[in-house]
Amino acid sequence: MFDVLVYVYEHYWRPDACPESGLLARKLSALGFEPEEITDALVWLDGLQALTQENVVSPDAGSTRVYCDTELDRLGSEALGFLQFLVSAGVLTPRLREVVLDRVSAVPKGPVALDDFKVLVLLVFWSLGEEPDALILDELFVDDCDRVMH
C-alpha cells in the first residue's frame, strides 16, 4: 500500500491533478502494483479526502491529547515519538494531528514503521495542497543514515 501512496505523491503534485479512482486503479495496475495494494491505497486516499474536506471543530490548542491503547499499538514507539516532535515543533496543528491519527488507524496493519508514518504525514499535507517548511521536509524525506553531519 505504501508503495502506491508514494507513487501517487511523487507523480501527482496536487490532489486535484490525480485522476478519479477507477482510472488511477487501472494506471496503477498497468504499472505492476498488486490489486490488494491498489485497493487499500485508494480506500485510504478516499478516507483522507473525506476527512480534509469536512468542516470539523479543531481541538483546543491548549488541550492535552491522551492516546488510547489502539492508537498506541498502531503507531508504535518510533512513529509516536515523531508525531510528538511534529506537534511540539508546531508543524501539526491539533486538527492535523487528528487527521494523521485517523489515517494511521486506517492502515490495514500496525504498528506503522517510521518511514511509512512519514509518508502518511506527507500525504496529509499533500491532500491540503500545503507543504511543510524545508527543515521538516528534510526530516520527512531523508534517512538518518544518508545525512551528512557538518
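Start at Trp44. Leaving aside its neighbours within four places in sequence, Trp44 is in contact with Met1, Leu5, Arg103, Ala106, Val107, Leu120 and Leu123. Contact here means heavy atoms within 4.5 Å.

A word on the basis of these values. This is a predicted model, in which local features need pLDDT of at least 70 and side-chain atom pairs count only at pLDDT 80 or more, while totals for chains, interfaces and linings use all residues. Residues are numbered from 1 along each chain as its sequence is written, and side-chain values use heavy atoms, with hydrogens and water left out.

Now the overall layout. The protein chain has 7 helices and 0 strands. Along the sequence the pattern reads α-α-α-α-α-α-α. Helices (H or I, at least four residues) and strands (E, at least two) are DSSP runs, numbered from the N terminus. Of the 150 residues, 39% count as buried. Buried means under 20% relative accessible area, exposed means over 50%, and partly exposed lies in between (1.4 Å probe, protein chains only). The chain exposes about 8800 Å², with 54% of it supplied by carbon and sulfur atoms. These areas come from the Shrake-Rupley method with a 1.4 Å probe; for residues, only the protein chains shown count as cover. Among contacts with a separation of 6 or more, 71% join residues 24 or more positions apart.

Trp44 leads on to the core. In the largest nonpolar core, which has 45 residues, Leu5, Trp44 and Phe117 touch the most other members. Such a core is a set of buried Ala, Val, Leu, Ile, Met, Phe, Trp, Tyr and Cys residues joined through side-chain atoms within 4.5 Å. Two or more residues each come from helix 1 (2–11), helix 2 (21–30), helix 3 (35–53), helix 4 (69–88), helix 5 (94–105) and helix 6. Helix 6 gives the most to this core, with 10 residues. In soluble globular proteins, nonpolar side chains tend to be buried together.

Look at helix 6 itself. It covers residues 114–127, 14 residues in total, and reaches 20 Å from first C-alpha to last, close to the 20 Å expected at 1.5 Å a residue. That expected span is 1.5 Å times one less than the number of residues. The buried residues include Leu114, Phe117, Lys118 and Trp126. After the helix comes Gly129, with a positive phi near 75°.

Helix 3 carries Trp44 among its buried residues, along with Leu45, Leu48 and others. This helix has 19 residues and reaches 27 Å from its first C-alpha to its last, close to the 27 Å expected. Its buried residues pack against helix 1, helix 2, helix 5 and helix 6.

The largest pocket holds about 330 Å³ of space. Its lining has 17 residues, of which Pro15, Cys18, Leu45, Gln49 and Trp126 lie nearest its centre. Helix 2, helix 3 and helix 6 each supply at least two lining residues. Helix 3 gives the most, with 7 residues. On a 1 Å grid over the protein atoms alone, a pocket is an open set of points where a 1.4 Å probe fits, with protein on both sides within 12 Å along at least five of seven lines; lining residues have an atom within 4 Å of a point. Grid points are joined across faces, edges and corners, and the volume is the space filled by probe spheres set on the points.

Turn to helix 5. Its 12 residues reach 17 Å from first C-alpha to last, close to the 16 Å expected. Its buried residues include Arg95, Arg97 and Arg103. Their cover includes helix 3, helix 4 and helix 6. Ser105 also lies in helix 5. At 38% relative accessibility, Ser105 counts as partly exposed.

Finish in the loops. Val91 sits between helix 4 and helix 5. Val91 counts as buried because its relative accessibility is 16%. Leaving aside neighbours within four places in sequence, Val91 is in contact with Leu86, Leu96, Phe125 and Ile136. The C-alpha atoms of Val91 and Ile136 are 7.8 Å apart, although 45 residues separate them along the chain. Ser58 is in the loop between helix 3 and helix 4. Ser58 is partly exposed, at 40% relative accessible area.
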